[in-house]
Amino acid sequence: MAFEKLASLNEVPPGGLIEIVRGSDLYALCNVEGEIRALSGTCPHQGGPLGQGALDGGFITCPWHAWEFDTATGVCLFNDEIRVPTYSVRVESGEILVDLPEVNRAGHA
Ligand code: FES
């Protein structure tokens with residue numbers, strides 16, 4: 001695991017949700033009342049782009065079939081055995097740094 005810059009803080013204002021593409025990987029970054037959260041941007045249902053969904057409070061709704069996920073835990077509200085990977089976030093000097101798993105960084109150096 002290693003922290004990598006995925007966006008600038010000013011790209012994700014409070015209540016904001018954006019999609020980040022890194023190689024073939026998608027990430028969803030959101031700002032929940034000033035706290036930046038990072039999740040996989042690929043819905044575990046059928047691969048919908050969670051970063052293009054809607055953020056309501058601390059929850060993302062997938063734009064394809066409206067499954068909802070808790071952005072703090074990644075857990076699906078319909079079935080708590082389904083979850084989206086979440087990643088640790090640091091904000092330094094206005095940059096959003098996300099602790100990406102090694103497997104997701106391979107080939108994208
Ligand atoms: S792909 Fe996300 S709810 Fe179906």
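Is Phe78 buried or exposed, and what is its relative accessible area? Phe78 is exposed, with a relative accessible area of 54%, where exposed means over 50%, buried under 20% and partly exposed in between, with a 1.4 Å probe and protein chains only.

## Basis of the description

The model is predicted, so that local features need pLDDT of at least 70 and side-chain atom pairs count only at pLDDT 80 or more, whereas totals for chains, interfaces and linings use all residues. Residues are numbered from 1 along each chain as its sequence is written, and side-chain values use heavy atoms, with hydrogens and water left out.

## Surroundings of Phe78

Phe78 lies in the loop between β7 (68–70) and β8 (86–87); strands here are DSSP runs of E with at least two residues, numbered from the N terminus. Together with Phe59 and Leu77, Phe78 makes a nonpolar surface patch of about 290 Å². Such a patch joins nonpolar side chains within 5 Å, taken from residues with over 30% relative accessible area and no salt bridge, a salt bridge being a side-chain nitrogen of Lys or Arg within 4 Å of a carboxyl oxygen of Asp or Glu. Accessible areas come from the Shrake-Rupley method.

## Aromatic pairs

The structure holds 2 aromatic pairs, for which ring centres of Phe, Tyr and Trp (its six-membered ring) must lie within 6.5 Å, with planes under 30 degrees apart counted as stacked, over 60 as edge-to-face and the rest as tilted. The rings of Tyr27 and Tyr87 are edge-to-face, because their planes stand at 70 degrees, with the centres 5.7 Å apart. Since Tyr27 belongs to strand β3 and Tyr87 to strand β8, this pair ties together parts that are 60 residues apart in sequence. Both Tyr27 and Tyr87 are buried.

Trp67 and Phe78 also form an edge-to-face pair, at 6.5 Å centre to centre and 85 degrees between the planes. Trp67 lies in the loop between β6 (59–61) and β7, and Phe78 in the loop between β7 and β8, so the pair ties together parts that are 11 residues apart in sequence.

Definitions and conventions: Patches are made of residues with over 30% relative accessible area and no salt bridge: like charges are joined within 9 Å, nonpolar side chains (Val, Leu, Ile, Met, Phe, Trp, Tyr) within 5 Å. Accessible areas come from the Shrake-Rupley method with a 1.4 Å probe; for residues, only the protein chains shown count as cover. Helices (H or I, at least four residues) and strands (E, at least two) are DSSP runs, numbered from the N terminus.
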